[in-house]
Amino acid sequence: EFHTAATDLAETLAALGAGPNKVVALRMPRAPEMVVAIHATIKAGATYLPIDPELPDERIASIRGDARPVAELTLPDPESDASGVSRWEWEDLALTVASYGHTGSTELQAPAPADSSYMIFTSGSTGLPKGVMIDHRGAVNTILDVNRRYGVGPADRVLALSSLSFDLSVWDIFGLLAAGGTIVVPDE
């Protein structure tokens with residue numbers, strides 16, 4: 001069911017231009033949809049960019065301007081009627097998909113190990129946010145190392161407490177699933 005949901009959303013993202021080294025912004029609070037959104041972005045071959053929805057509008061606009069995402073995923077806002085926005089639904093999950101005018105195909109493109117996996121904006125030494133891209137090779141090495149070091153397996157569960165804007169949140173999402181474990185996603 002998870003694979004089907006992520007693949008369905010990945011095809012939607014690919015049609016909006018998501019693919020290797022293209023950025024998809026994820027502006028959402030901690031929720032099960034966030035896990036599907038991350039996996040769908042990776043399945044589309046794209047780079048996911050977490051944006052904390054609590055950031056000031058000016059900082060969000062600055063991050064978007066620097067990252068130039070092809071699409072942005074958020075939880076549905078019943079009061080929003082912005083153009084270029086559509087709704088993606090799968091069983092009990094729903095996301096709002098904003099397109100930034102790019103077009104692609106529904107064919108999913110597998111990324112290469114050197115392609116970017118995710119992008120984190122740091123405050124930087126100047127206090128201005130700057131994007132740092134992490135490639136798949138580095139992310140996979142971290143996940144495998146932590147799983148091996150701590151003997152993570154199918155019986156394990158983890159509370160996904162890390163902010164997606166924190167570099168090691170990649171383990172919260174991918175580490176447990178790679179080992180067959182369970183992610184527990186508490187709400188905010």
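A salt bridge is counted here when a side-chain nitrogen of Lys or Arg lies within 4 Å of a carboxyl oxygen of Asp or Glu. By this rule the structure holds three salt bridges. R27, R64 and E72 are linked in a network of such bridges.

The model is predicted: local features need pLDDT of at least 70, side-chain atom pairs count only at pLDDT 80 or more, and totals for chains, interfaces and linings use all residues. Residues are numbered from 1 along each chain as its sequence is written, and side-chain values use heavy atoms, with hydrogens and water left out.

Helices (H or I, at least four residues) and strands (E, at least two) are DSSP runs, numbered from the N terminus. Relative accessible area is computed with a 1.4 Å probe on protein chains only; under 20% is buried, over 50% is exposed, and partly exposed lies in between.

E72 belongs to strand β3 (residues 71-74), while R27 sits in the loop between β1 (23-26) and α2 (32-43), so the pair ties together parts that are 45 residues apart in sequence. E72 also bridges R64, again with an N to O distance of 2.6 Å. E72 is buried, at a relative accessible area of 2%. R27 is partly exposed at 27%, and R64 is partly exposed at 25%.

Another salt bridge joins D145 to R149, with the closest N and O atoms 3.0 Å apart. Both residues lie in helix α4 (residues 136-150), four residues apart, and are thus separated by about one helical turn. An α-helix has 3.6 residues a turn, so residues three or four places apart point the same way. D145 is partly exposed, at 28% relative accessibility. R149 is exposed, at 58%.

Strand β1 is covered on both faces. V23 and A25 are buried on one side, and V24 and L26 are buried on the other. In a regular strand the side chains alternate between the two faces of the sheet.

Two strands pair if DSSP finds at least two bridges between them. β1 pairs with strand β2 (residues 47-50) in the parallel sense, over four bridges. T47 in β2 is the bridge partner of V23. The chain passes from β1 through α2 to β2 in a right-handed β-α-β crossover. Right-handed here means that, with the strands pointing away from the viewer, the path from the first strand over the helix to the second runs clockwise. β1 also pairs with β3 in the parallel sense, over three bridges. V24 stands opposite A71 in β3.

Helix α4 packs against helix α5 (residues 169-178), the axes coming within 9 Å and crossing at roughly 60°. Axes are lines fitted to C-alpha atoms, for helices over the stretch in contact, and angles run from 0 to 180 degrees between N-to-C directions. The α4 side of the contact (heavy atoms within 4.5 Å) consists of A139, I143, V146 and N147. The α5 side consists of V170, W171, F174, G175 and A178.

Eight of the 10 residues of α5 are buried, so this helix is largely enclosed by the rest of the structure. The buried residues are S169, V170, W171, D172, I173, F174, G175 and L176. Their cover includes α2, β2, β6 (116-122), α4, β8 (157-159) and β9 (182-184). After α5 comes G180, which has a positive phi near 80°.
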